[in-house]
Amino acid sequence: MSLMPLMSSFLKGIQVTKSGARCSAGTRTSLGFWRSFSSSNYSDYETIKVETAADHVAKVQLFRPEKYNAINKTMWREIGDVFTRLDTDPECRSVVLCGQAKVFTSGIDVSNLIEMGQVTMGEDDIARKCFTLKKDIEMFQESLASLGKCRKPIVCAVSGPCIGAGVDMMSYTDIRYCTGEAWFQVKEVEAGLAADVGTLQMLPKIIGNQSLVNDLCLTCRKLPADEAVSCGLVSRQLPCYETLMAAATATAQTIAQFSPVAVQATKMALVYSRDHSVQEGLQFMQLLNMSLLQSEDTRVAAMSLLQKEKQKPTFKNL
């Protein structure tokens, strides 16, 4: 993959100035540079809820509780849409992704499988049926890939079951916490198919234990919270849903207080390095930082550290 399109996409919104002006977090200016995140523009969804969790922190909640947050076509589309929008929302600096206390998600909605089964049983010739199925699978993949493409770090908070496509979804997030009541299951083989929206590609890189990945994907066994922590699928286990959400929000808020230029560049580099060699990752950082080191954020942050200021510096939205 060429470095320049990625660099161009990231740098297009960065303004490098000589001004060191500061403003308290959440203060509204005429240019809106420091304005905090507002969920009012995200009220048009049917299957997810978007709220303001803290200054500059968006909370995205899967919200089909009566269906155990099963992911139907509407939710697939809305997940892709919301994270695409949050990626370019200057007021959002980090995201908390969650379900409810009793369930994160039960995975793909059975109605999706039935619909795809009807395609396979249709009278069209096999080539046309293949292209129809490919279009659906591509939409599912692009929906969840939007989490990885979103420049804003995503903290995933899992309570209760996280099944099938839920494992795919959380695999694209940056930081993962769970409660002791959480459990994880790659269930696709049991449903007669192979996972096709990220699990088989992401889990080996997250866990780093191919035998365990094969075990989970081929046996469809449930992975309990304790084992999820020990294998590195999640990094923290909290005692209940309330403490889980508090911890996830606190982490997202900590991230949001730092320079959005530094944070987004770091996520961008981590994602790039995951899929490239060490040398390619280092070359990428040369091109990235030769521009970003000229940002006013670098000077403001460095001066704060040198002067040992008790109050954290604040930064313009990006």
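Contact here means heavy atoms within 4.5 Å. Keep that in mind, as much of this talk rests on it.

What you see is a predicted model, where local features need pLDDT of at least 70, side-chain atom pairs count only at pLDDT 80 or more, and totals for chains, interfaces and linings use all residues. Residues are numbered from 1 along each chain as its sequence is written, and side-chain values use heavy atoms, with hydrogens and water left out.

Start with the overall picture. The protein chain has 12 helices and 9 strands. Both are DSSP runs, numbered from the N terminus: helices are H or I with at least four residues, strands are E with at least two. Of the 318 residues, 48% count as buried. Buried means under 20% relative accessible area, exposed over 50%, and partly exposed in between, with a 1.4 Å probe and protein chains only. Now take contacts between residues at least 6 apart in sequence. Of these, 70% join residues at least 24 apart.

Next, the core. A nonpolar core is a set of buried Ala, Val, Leu, Ile, Met, Phe, Trp, Tyr and Cys residues joined through side-chain atoms within 4.5 Å. The largest one has 53 residues. Which residues have the most contacts inside it? They are Phe83, Leu86, Leu97 and Phe184. Helix H2, residues 73-88, gives the largest share of this core, 6 residues. There is also a second, separate core of 15 residues, including Leu238 and Tyr241.

Let's look at Phe184. Leave aside its neighbours within four places in sequence. Phe184 is then in contact with Val158, Cys162, Val167, Met170, Cys178, Arg221, Lys222, Leu223, Ala228, Leu233 and Val234.

Several of the strands deserve a word. Two strands pair if DSSP finds at least two bridges between them. Strands E5, E7 and E8 make an open sheet of 3 strands, in the order E5-E7-E8, with mixed pairing. Strand E5 (161-163) and strand E8 (223-224) stand at the edges with a single partner strand each, so one side of each has no neighbour in the sheet. Strand E7, residues 183-185, pairs with E8 in the antiparallel sense over 2 bridges. Trp183 has Pro224 in E8 as its bridge partner.

Strand E6 is another one to find on screen. Strand E4, residues 154-158, pairs with E6 in the parallel sense over 4 bridges. One example is Cys156, whose bridge partner in E6 is Arg176. E6 is also joined by 3 bridges to strand E9, residues 236-238, and those two run parallel. There, Cys178 stands opposite Gln237 in E9.

Now the cysteines. How many disulfides does the structure hold? It holds 0. A disulfide is a pair of cysteine sulfur atoms within 2.5 Å. The sulfur of Cys162 is 6.6 Å from the closest cysteine sulfur, in Cys156, which is too far for a bond. Is Cys162 buried or exposed? Cys162 is buried, at 0% relative accessible area. Cys240 counts as partly exposed, because its relative accessibility is 29%.

On to the helices. Helix H9 runs over residues 241-256, and its 16 residues should span 22 Å at 1.5 Å a residue; the end C-alpha atoms are 22 Å apart, which agrees. That expected span is 1.5 Å times one less than the number of residues. Among the buried residues of H9 are Tyr241, Leu244, Ala248 and Ile255.

Thr199 sits in helix H6, residues 199-207. Thr199 counts as buried because its relative accessibility is 0%.

There are 3 aromatic pairs in the whole structure. Rings of Phe, Tyr and Trp (its six-membered ring) pair if their centres lie within 6.5 Å; planes under 30 degrees apart count as stacked, over 60 as edge-to-face and the rest as tilted. Tyr272 and Phe284 form a stacked pair, 4.2 Å centre to centre with 10° between the planes. Tyr272 lies in helix H10 (residues 260-274) and Phe284 in helix H11 (residues 278-292), 12 residues apart. Tyr272 is buried at 6% relative accessibility, and Phe284 is buried at 0%.

Last, two backbone points. Most residues other than glycine have a negative phi. His56 has a positive phi, near 65°. His56 is in the loop between strand E1 (48-54) and strand E2 (57-62). Asn69 has a positive phi too, near 55°. Asn69 lies in the loop between E2 and H2, and is buried at 0% relative accessible area.
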